[in-house]
Amino acid sequence: MATEYVKLVDVTKCDGCRACMVACKNWNDLPAEPEEFSGTVQSHKKTTADTWNVLQYIEHENGKGDLEYLFRHSSCFHCTDAACEKVCPENAISYSKFGTVVIDHDKCVGCGYCVQNCPFEVISLKEYKDKNGKEYKLSQKCTMCTDRLEEGLQPACVTTCHTNALEFGNKDEMLAKAEKRLSEIKGKFPNANIYNPKGVGGTHTIYVLTEKPSVYGLPENPKVPTSAVVWKDYAQPIGKMMIGATTMAVVGAFITNNIISKRIKGKEDGGEGHE
Amino acid sequence: MTNHWNDLQYTDCALIIGGNPAENHPISFRWLTKAKEKGGKIVSVDPRFTRTSAMADHYAPLRSGTDIPFIGGMIKYAIENNLIHKEYVAKYTNASFIVKESYKFEDGLFTGYDEAKRAYDKTQWAWETTEDGKPVKDETLEHPRSVFQLMKKHYSRYDVDTVTSVTGTPKEDYLKVCEMFCSTGKVGKSGTIMYAMGATQHTVGTQNVRSYAMLQLLLGNIGLPGGGINAMRGESNVQGSTDFALLFDNLPGYLGMTKAIPEHATLKAHLEKETPKSGYWSNKPKFIVSLLKAWYGPNATADNEFGYQFLPKGNKNYSHINLFNAMYKGELEGAFLFGTNPVVGGPNAGKEKEALGNLKWMVAVDLWETESSAFWQKEAGSDPAKINTEVFLLPACSSYEKEGSVSNSSRWMQYRWQAIKPVGESKADLEIMHELMTKIKALYKNESTPAAKQVNAVHWNYGEGKEIDIDLVCKEINGYDVNTGKQINGFGNLKDDGSTCSGNWIYCGFYPEEGKNLAQRRDSKDTGMSMYLNWSFAWPMNRRIIYNRAAADPSGKPWSKEKAVIWWDAAQNKWAGYDVPDFVATKKPTDPGFTDPFIMIADGVAGLYAPTLNDGPFPEHYEPYESPIPNAFSSQEINPAITLFDGDFNKRGFKVDYPIVATTYRVSEHWQSGTMTRNQEWLSELVPYMYVEMSEELAKEKGINNKDEIIVSSARGEVKAYAMVTKRFKPHTVKGKKIHQIGMPWHFGYKGIATGDTANRLTPHIGDANTMIPEYKAFLCDVRRAD
Amino acid sequence: MSNHQQHPKANEKIRRFPKAFVWAHAINGIAFFALYITALPMYTEFFDWLYPVLGGPAGARLLHRIFAVIFITPTFILLIFSPKFFFKWMKELITWKKRDLEFFSEFVKELFGFNFKHVKQTFFNAGEKINSVIQILCAILVIVSGFTMWFPGFFPRAIVQWGYVLHNVGFGLGIAVIVGHVYLSVVHKHSRPGYSGVVTGKVPAWWAKGHYTEWYDEEVKKGNFPDLDDPKHKKGA
């Protein structure tokens, strides 16, 4: 496998300028979608089909009663074990050679299974119209600018980040950096942690958080939904087997019926048959 | 900025007061983040817990308009706890100077106050001088009339309890700020003060900044890497525009404007009056004559005082508020609005809109139709039938569509090239000016009125026909020998005999020879201590840290190895180091003035005491024009030296009707009056609505829920906005009482994609005693639910 | 295998199902297969070629939802037009006796064409009851989970996520049983005569008596059906 890459988000360095949001829209040519006034500085409740990363602003009173104003660049985690990839009925979602999780829009049918199964709720459906005015849906999320990666560039959000709160690089290097940063900030933020959840096999967007994941609205122990595992690894194969089995039984019945009734016919001279 | 953006990484402590750089100057945090990684601390002082506060190691709230008590108390703390850099203070500041006996300070007033004129007789604050006119000094700093002792006495009144009862800062938070920042007084440490409009936009704005400078001088932080007082400019080229005399009382390069006074009647008299005997300004005649040569060319000769008489002379204060006051009274005929939007950005904006209707004509030059160029429309709440102003809108092109330079806060003149062709018929400002001037000159060609004389004398030699050659403008700004046409390589070579020209002496040296425009340099190699000397050009003479001589001790050795910038190199017999010396590089230890680092000041040392300002030699606290409490320090409620405007033009509110303190600010996503950003979808979606931030406590008192629509009212008007109820605003405890404060962005107007009510409909028409900058940052208001 | 004398009225058609049931069953069956086909390309990529036929994913989705609504209607048709039958059916489904178990061993023999004896059954035989029960359960599963999938915004995510599984299970089980059900009714020679029952509502009397003896006899007592056991008829045969 080629080198895996990781986007490291160090929230302690983020000053909430939102350049990442604008750079993302710019590179990916996404339209604006103003939402209703939210009562906070945050512009969008969460990522949407046209807003692939959202800067979260969280007012948090910590254990000591001090006010913390937390910023988090939130976007797709690019899980190693991606639920979206698992549940996609069309195999439209796949892992790229960089470790990013990408959607092939030629295959996507807009069923939304990925939307419902993403443990981080970062995928959304959007309705489009083709040139004949026919509606169709596609599922959308951050691509980690895989198109830029292919050209040897970094993701647009990373390139624009002026405080290096976002960094992109070799997975091992980024993980080492995260560990180092964690040790530096532990004194000031006792709850600090590295968010690289094992339940999804680790992610390719990794965070250094100052507070527990739940403070940032993140699941503490995200995993590929059990339902998705049951569904894709058991129910569907078994279902297919069952159709196969009953079909076989029916076919078998048909054949044996014919053989036996011929034999009986031979013996009893057609005494059988109600019709 | 005395220092520059990249230099912030060397700071041991950044005191950010009157600014919210994480939001409004985000690039600063690229460098502050590096400083933090090296163990540097950040202290944020602001009425509201901002994004900057979020990034800081310590946050202390203060009520808007109380910077002087806050810093005054720190000055007292530093002196009393012996945290000041003694040698620096004694040698590099005027702390040792003896002030005349006539200087007195009593109940908020300095001597020489004339109540009728609301002005001081500053001669009463002068130095005691020796026979040859030099100030008398006492380097032991013990003399009771030494600046040091006077200052100590002045700030002895600013004890922690009084200070915190006025600022509303919790005492322990305040003391922690003192402790953290004053620790930079140690040799080997440096601290920076970063400020923006939160400091300047007050009736005591100049003195606010002065107080920062004083504290920095006491701690020995000026001239050092990671030190300085750093004004974060509000837009990409505001540094450039002030350098080029966008201020009404300046000629380019901070040369004073000519006035209609006998001392300015002739060039000779002017130079005599305005040229100090010592310090670098003693070269002023060279700069003025070279400027006149740049403007009037062959029409400026020794015989006609180099065209000095063509310069307009007036005695009025032509600042923004006064101009609009004149306009309001119908005294102005016409106006050009180049990329300015006073109907959103001006103080008491409702009145500014009315004032525009008194013009006969108005020319707006902008990228979009703004609230100001459309002030006469129904949308603006106007009755077009009743407005007789003829309005022209000239489409301007954006920075990407033209070539030229911007000067950032670091004083870097950075050249930029055209990326795309202008859209439609839009033109660069320079082209518009060129066409205008060409046509005006043609119109006046055969006239001989005084105005025609002035116009005809202008030497407009920047290209033929409609095309203007920006390179010719650049060359003239730098200056050249008018006889040979050879570029001048630095302002040291400018002459006062008419043989050189220079459009702006402080920029002289950026274009030292043909084909070598240094502002175009893009060498990103660090030349040491992150000076990047081959990246663009920093005025003056590519110096990145001004007053950098002060980073070395009197003998010329760096105060410490960690904070070295330049030093006396005996082997080379000149000053050497990472930066271009802001000093005469060949000045030897034996030369006079070797220990005087502040070359732009006549005395060669920095001014803890400034007898030149309109409102006193020491910063003293006065309450804002509209304040919720009486002044705790004296019976002078407001700055005694500010100009008051009566009547309808500026209604004043009082706490009985308007008990809540209000302030205005900006957000990352919008810029100034929002013209550029509210017409941009991706930025508009980030901050789409006008909102008002308030504490949970105030919201509860007023029965306001988060997201409710509310009305904010002041004596001057009302605005409707969404309530943003937040923990980031807390009521101040002032004199034991709860004082509420709210804040709101001032970017909104009715044009563009993101629209909303204009906050400046609430702000007062009152300005600083020295600069007339409006007091946008502290006024009184009330809030209520909209329904 | 019974080998009785042919009764003259043995081939007479007697009414087994009310018209409402015939309609309900037909609608249900058609909707089921329509749902099956419109979802097939989603179920496995092997059938992606169906998308163009169905008008693309959006078309398939729309059709699936239209048929989903149709799929629900039979219950109401029955309830409105023939509640009596509906409740009888329900009652049958919850009534289980020893003979129902015996039925299964004989059924397997019958299915594969071996000799078997008729275990006396009421209106529905145990096989049909099992079919009904499974189909009803599957239908509930599929309908309920289908709702969560159609309107994910109204349900907690976990419910929607499990909805996918249950839809899958319900459908998988349903289709498996349906294959058998269809085979028996359309192809299998012993049960084939019953096929007319779901088309016209009527079946041959002899077949009904053979397959649902208890029910048939009861109806005879009520005077609804000809008594095929009437000795005088036997004689005359």
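## Basis

The model is predicted: local features need pLDDT of at least 70, side-chain atom pairs count only at pLDDT 80 or more, and totals for chains, interfaces and linings use all residues. Residues are numbered from 1 along each chain as its sequence is written, while chains are lettered from A and ligands numbered from 1 in written order.

## Where chain A meets chain C

Chain A brings 36 residues to the contact and chain C brings 32. Two residues are in contact if their C-beta atoms, placed from the backbone, lie within 7 Å.

On the chain A side, helix H3 (113–117), strand E7 (135–140) and helix H7 (226–268) each supply at least two residues. H7(A) gives the largest share, 20 residues. Helices (H or I, at least four residues) and strands (E, at least two) are DSSP runs, numbered from the N terminus. This side of chain A holds 18 nonpolar, 14 polar and four charged residues. Ala, Val, Leu, Ile, Met, Phe, Trp, Tyr, Cys and Pro count as nonpolar, Asp, Glu, Lys and Arg as charged, and the others, Gly among them, as polar.

## Chain C

Chain C has eleven helices and two strands. Their order along the sequence is β-α-α-α-α-α-α-α-α-β-α-α-α.

## Domains of chain A

Chain A is assigned domain 1 (5–224) and domain 2 (225–275). The bounds come from an automatic or database domain assignment. The C-alpha centres of the two domains of chain A lie 50 Å apart. Six residues of domain 1 touch four residues of domain 2 in chain A. Helix H2 (residues 83–87) of chain A gives the most to the domain 1 side, with three residues.
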